[in-house]
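Subject: A structure for you to look at

Hi there,

Here is the structure I promised to pass on. Have a look at it first, and then read my notes below.

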Amino acid sequence: MNVIPPIPNSLEQHWMPFTSNRHFKANPRILTAAKGMYYTTDHGDQVIDGSAGLFCVAAGHGRREIAEAVNETLTTLDYAPPFQYGHPASFEVARRLASITPGDLNHVFFSNSGSEAVESALKIALAYHKAKGEGQRMRLVGRERAYHGVNFGGLTVAGLLNNKKAFGLGLPGACHLRHTELPDHQFVEGQPETGAELAEDLQRFVDLHGADQIACCIVEPIAGSTGALIPPKGYLQRLREICDAHGILLIFDEVICGFGRTGKQFGADAFGVIPDMVTMAKALTNGVVPMGAVACSDHIYETITEAAPGNSIELFHGYTYSGCPVASAAAIATRNIFDEEDLVNRAAKMTPKFQEALFSLRDLPVVANIRGYGLMGGVDLATAEAPGARGLRTTQEFYDAGLIVKMTGDCALISPPLICEDQHIDEIFTKLRDVLSKH
Ligand code: PMP
């Protein structure tokens with residue numbers, strides 16, 4: 001058996017993603033084990049997981065059912081090529097997902113991450129219009145303060161300067177809706193009453209460029225990793241109406257919102273709007289094995305598959321590991337846990353307590369704003385320093401206090417595993433208060 005030393009001898013060789021490498025390596029935070037709601041550090045300390053890893057470990061850490069399913073697959077069907085061959089597990093995952101996705105989103109295309117799910121959805125949107133004889137529809141509409149992963153399509157439609165500025169121009173012809181956070185949304189619990197009119201930005205793009213130029217509009221139902229921006233009431237409905245009126249595909253990026261985070265299966269269910277495609281990843285496999293997916297409507301699948309002549313390949317797109325056996329096994333085991341433990345309803349049940357604890361932080365002087373929905377919350381810290389400097393320090397302070405919470409810039413994102421109990425919520429928010437009250 002390979003033995004991994006508990007404290008690495010050198011940290012330099014691993015160039016860490018989205019990390020201040022110099023800062024981190026001077027004072028590393030190393031996690032060596034995880035079970036349930038807790039991590040163990042290399043110092044043997046227990047740290048409560050306030051962010052479900054990165055929004056992915058919905059069913060809690062160290063789930064034996066998933067480990068066993070993966071382990072069995074490793075020795076029975078380690079790999080099967082996904083092009084021109086199939087294996088039972090990926091069809092089963094697709095069937096299970098189609099049974100919970102909204103509307104007629106019955107066709108599932110697999111990727112290995114959220115970023116790849118987004119790229120796949122954008123490419124499917126373009127291929128769909130091409131198959132309909134409308135290949136000139138190439139403009140992609142995204143939104144400010146959106147995060148859609150790190151590949152070029154996702155970067156293009158996303159709305160975060162830091163993620164884009166070193167990497168050139170992205171894809172041509174993209175337009176961005178304004179983000180939905182208005183000044184009168186300060187400390188609003190749940191969906192803001194104002195702001196639905198921001199959806200009219202899409203109509204402006206139609207008026208400016210012509211509907212026949214626009215392929216799709218992609219939004220996160222709740223913009224998760226950029227601060228938990230909750231959609232104003234009526235906003236997503238209005239996007240849907242404009243898309244319908246002009247033949248534009250509506251894509252919900254549910255990489256964070258999906259699988260119960262909102263207290264419903266998908267954000268689409270929480271907000272009562274059915275998109276044409278849903279992207280998902282993260283909690284699909286409980287974060288254990290990388291896997292992403294796009295669920296597409298009957299119409300999209302049929303249009304693309306029926307347009308291809310004879311026996312030709314309909315969509316020239318896919319990944320070596322699309323729906324691979326190990327990820328599929330992890331996804332099935334995760335789905336089973338969701339069903340057996342009724343995790344989506346559980347999240348709904350825990351929501352009032354979570355939201356109350358979240359908004360109880362409003363009296364702290366450092367807290368500039370709070371947003372929340374389901375088992376997700378964003379707490380903005382006031383800062384007079386360079387953006388992100390306070391957030392970086394706070395990450396360490398949380399860790400020293402025995403808490404992991406994801407900081408995006410100066411915003412703390414709280415999204416515990418859906419298995420959390422009352423005492424875990426109490427522990428997370430007591431630690432948040434202890435740390436933030438010293439600011
Ligand atoms: N879309 C959204 C909405 C996300 O939150 C994320 C990841 N935080 C991604 C896409 C990218 O997922 P991944 O990191 O698995 O590529």
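Six bridges connect strand E11 to strand E12 (residues 376–381), and the two strands run antiparallel. You can find one of these pairings for yourself: Asn369 has Asp380 in E12 as its bridge partner. Please keep in mind throughout that this is a predicted model.

Four strands form an open sheet in the order E11-E12-E15-E14, with antiparallel pairing. Strand E11 (367–373) and strand E14 (406–408) are at the edges with a single partner strand each, so one side of each has no neighbour in the sheet. From one strand to the next, the twist averages 20 degrees. Helix H13 (residues 343–359) packs on this sheet and touches E11, E12 and strand E15 (411–414). The direction of H13 makes about 170 degrees with that of E11. In case strands are new to you, a general point: strands of a sheet pair through backbone hydrogen bonds, and they do so either parallel or antiparallel.

Next, the ligand. Which residues come nearest to it? Of the 14 residues around the ligand, they are Ser113, Gly114, Ser115, Gly149 and Val255. Helix H5 (residues 114–131) gives the largest share of this shell, with three residues. Sorted by class, the shell has seven polar, five nonpolar and two charged residues.

What about the protein as a whole? Its secondary structure comes to 15 helices and 15 strands. The C-alpha trace spans about 65 × 55 × 45 Å along its principal axes. For 439 residues, a compact globule would have a radius of gyration near 22 Å, and the protein agrees with its 22 Å. Buried residues account for 49% of the 439. Among contacts between residues at least 6 apart in sequence, 72% join residues that are at least 24 apart.

Ala52 is not a glycine, yet it has a positive phi of about 50 degrees. Ala52 sits in helix H2 (residues 52–55). Is Ala52 buried or exposed? Ala52 is buried, because 30 other C-beta atoms lie within 10 Å. Asn286 is also a residue other than glycine with a positive phi, near 60 degrees. Asn286 is placed in the loop between strand E9 (277–280) and strand E10 (292–296). Asn286 counts as buried, with 27 C-beta neighbours inside 10 Å.

Enjoy exploring!

Best wishes

Methods. Residues are numbered from 1 along each chain as its sequence is written. This is a predicted model: local features need pLDDT of at least 70, side-chain atom pairs count only at pLDDT 80 or more; totals for chains, interfaces and linings use all residues. A residue is near a molecule or strand if its C-beta atom, placed from the backbone, lies within 6 Å of it. Ala, Val, Leu, Ile, Met, Phe, Trp, Tyr, Cys and Pro count as nonpolar, Asp, Glu, Lys and Arg as charged, and the others, Gly among them, as polar. Two strands pair if DSSP finds at least two bridges between them. Axes are lines fitted to C-alpha atoms, for helices over the stretch in contact, and angles run from 0 to 180 degrees between N-to-C directions. Two residues are in contact if their C-beta atoms, placed from the backbone, lie within 7 Å. The radius of gyration is taken over C-alpha atoms; the globule rule is 2.2 Å times the number of residues to the power 0.38. A residue is buried if 20 or more other C-beta atoms lie within 10 Å of its own, exposed if 12 or fewer, and partly exposed in between; C-beta atoms are placed from the backbone.
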